[in-house]
Amino acid sequence: MGRIRYGLWWLEQASLGPRTRVRAFGEGVSTVGRELRWATELSVRVTLVGIDHARPEPWSDRRLMWLLGTIAIAAVAVAIVLGMGMARWVMTSSNAMLFAAAGALAVGLVFLPLAYLVFASKRGRRRHG
């Protein structure tokens, strides 16, 4: 009986250091998790408030043309890269969907600014004369 108690006591003493380190690490991880959760919640709140208070202003025709040209150049570049990737994909593996998924994502990201340009409202301009 004495040897069992001594063995349990020795095991407890031998594992005391690692247990305290694990406990301290767990507390640190939980603190970091709480901070990240708080920061994420705060960021979401600020973003939602910013979206509610956003008031788009009309752009000049020159600025719209530059934006549309930039989007068009980016779309052509994306199309070239995806075309080369799709050609390589078709030649090599028949069940890899990476380029198809990337193409769908790229097309969606190109259409977002175009949709903004189409649906952005302009204030009425008054012409004198």
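Leu-11 is found in helix H1, which covers residues 2-14; helices here are DSSP runs of H or I with at least four residues, and strands are runs of E with at least two, numbered from the N terminus. The model is a predicted one, in which local features need pLDDT of at least 70 and side-chain atom pairs count only at pLDDT 80 or more, while totals for chains, interfaces and linings use all residues. Residues are numbered from 1 along each chain as its sequence is written, and side-chain values use heavy atoms, with hydrogens and water left out.

H1 is hardly covered, with a count of 0 buried residues; buried means under 20% relative accessible area, exposed over 50%, and partly exposed in between (1.4 Å probe, protein chains only).

Stepping back, the protein has 4 helices and 0 strands. Of its 129 residues, 5% count as buried. The accessible surface comes to about 11,700 Å², with 68% belonging to carbon and sulfur atoms; areas come from the Shrake-Rupley method with a 1.4 Å probe, and for residues only the protein chains shown count as cover.

One salt bridge is found in the whole structure, the term being used for a side-chain nitrogen of Lys or Arg within 4 Å of a carboxyl oxygen of Asp or Glu. The side chains of Glu-41 and Arg-45 meet in a salt bridge at 2.6 Å, N to O. Because they are 4 residues apart in helix H2, Glu-41 and Arg-45 are separated by about one helical turn. Glu-41 is partly exposed at 34% relative accessible area, whereas Arg-45 counts as exposed at 51%.

As for confidence, the mean pLDDT (the predictor's confidence in each residue, from 0 to 100) is 77 for the protein.
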